[in-house]
Amino acid sequence: MPETNRIEYKRELNTDVDIEKEVISFLNYYEGGVIYIGIDKTGNVIGVEDGDGDALKIKDRIKNNISPSAMGLFDVAVEEREGEYIIKTTVASGSEKPYFKKKYGMTEKGCFIRIGTAAEPMPQLMIDKLFSTRTRNSIGRIRSNRQDLTFEQLRIYYEEKRKPLNSQFKKSLELLTEDGALNYAAYLLADENGVSIKVAKYSGTNRVDLIENNEYGYCSLIKATKSVLDKIELENRTATQITSKERIDRRLWNPVAIREAVINSIVHNDFTREVPPKFELFADRIEITSAGTLPEGLTEEDFFDGVSIPRNRELMRVYRDLELVEQLGSGVPRILGSYGKECFRFMGNFIRMTFPASEVVNSQVTPQVTPQVTPQVTPQVTPQVGRLLAVFTGEHNRQELQYFLGLSDRKNFRENYLNPAIEVGLIELVDPNNPTSSKQRYVLTAMGKRLAEKIDKD
């Protein structure tokens, strides 16, 4: 494949390669682009000798030599192609144009724009125009109304990914304004805030009969995101169809597409309007509504093609660090792999995604979000948690339960079995003050015992 307006090839990373110039040209271009190191101008794969080392150099140069910060707007990865290693740098279009080399500032020597297959100097008139219209009302520039914020939840999530936060994390994660105050991104990621994400459930196909109104929030946005994902995973039950030849199992919604839709709606939500995304479950569909329209310069066609202009790059950086998102522009194509473009509706101030269920849902209240529910209600649980309860006949520790389930991966066990059961309220810790010990013992709650008995009878 030859070079295009969105693809740039470099034979190697040497002193003659101005990687900052190429990245800046894509940051200032409305579609972004991709830079390959280890491929010549004709598209032939040459390979690189030190892929990891060169990738680290690229990251450092982008981080230290470009302004405004491009963190959250690029991804550098080493890939194997035709038996050789190459470096792929994906760059999204930025929302704070013009981007420039710190060394030269907002001048024709520092600003570049992609024209055809080349990075060309940006005329001063264009630089001035872009700067005058630059988006200043972003969560990174808005001062938090609270400055006494703590980030213990965020620390825990980073430690789980073996990326412990140091004393300078507020600066490195861009949680500070230019004058050193905590910004609105910090407010969203803090242990306590005033942001709540609602997950509503209706018994029918309209908004008349509300049977659940759950709120996940007033905590780190990461924790709220995981809670929403867990709730929707709980609702996304498996429907079974028995035919003469086989048994067909299918979920109400494609789990990969729904996960991408949930995360996209949160990380790209326009929080400057102080309106969080909303999730609504109906008998025949799920609707996800986020605040804001498509970013300036991004058309619907670009959107469906996977062109990415992150609205909240500070959040995107954190979500990528914690592996909640994989790479730039991958979310929408993953959704379109299971659902059509008609599932998206672009309104004046909101974007709504509607995903039909594979069959009509027999709605009932789920217990983990409504503790006032009467004991007769049977909780809905995932097949994994059901299997856990089926072998949970007494008091056990983590290692014993893993043995019963035939699991060796501690992380898989915790994420797919133990945490959902605790979240639903079917299992509780004997000693809540020591939740991480492998010897910590767990017991069934009253609700867990009822469900375990039902599973045993069935």
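A: Tyr9 stands opposite Tyr36, a residue of strand S2. The model is predicted. Tyr9 belongs to strand S1, residues 7-10. S2 covers residues 33-37. The two strands run parallel, and 4 bridges join them.

Strands of a sheet pair through backbone hydrogen bonds, either parallel or antiparallel. In a regular strand the side chains alternate between the two faces of the sheet. S1 can be read residue by residue. Ile7 and Tyr9 point one way. Glu8 and Lys10 point the other way. All four are buried, and buried means under 20% relative accessible area.

Helix H1 spans residues 19-27. S1, H1 and S2 together make a β-α-β unit, and the unit is right-handed.

S19 covers residues 441-444. Between S18 and S19 there are 3 bridges, and the two strands run antiparallel.

Thr225 lies in helix H7, residues 221-235. Thr225 has a relative accessible area of 0%, so it is buried. Its side chain makes a polar contact with the side chain of Tyr319, at 2.6 Å.

Last, the empty space. Rolling a probe the size of a water molecule over the atoms shows where empty space is left. A search of the whole structure finds 3 cavities of 30 Å³ or more. The largest cavity has a volume of about 450 Å³. It is lined by 31 residues, and the closest to its centre are Asn264, His268, Phe303, Ser308 and Val332.

Which elements give two or more residues to that lining? They are helix H8 (255-267), strand S14 (285-291), helix H10 (313-321), helix H11 (331-336) and strand S16 (350-356). H11 gives the largest share, 4 residues. By class, the lining of the largest cavity has 16 nonpolar, 12 polar and 3 charged residues.

Definitions and conventions:
Residues numbered from 1 in each chain as written. Predicted model: local features only at pLDDT ≥ 70, side-chain atom pairs only at ≥ 80, totals over all residues. Heavy atoms only, no water. 1 Å grid on protein atoms, 1.4 Å probe; cavity = no way out; pocket = protein on both sides within 12 Å on 5 of 7 lines; lining within 4 Å. Points joined across faces, edges and corners; volume = space filled by probe spheres on them. Nonpolar A, V, L, I, M, F, W, Y, C, P; charged D, E, K, R; others polar. Buried < 20%, exposed > 50% of the residue type's maximum accessible area, 1.4 Å probe, protein only. Pairing = 2+ DSSP bridges. Right-handed = clockwise from strand over helix to strand, strands pointing away. Polar contact = N/O pair within 3.5 Å; in protein donor to acceptor, adjacent residues only side chain to side chain.
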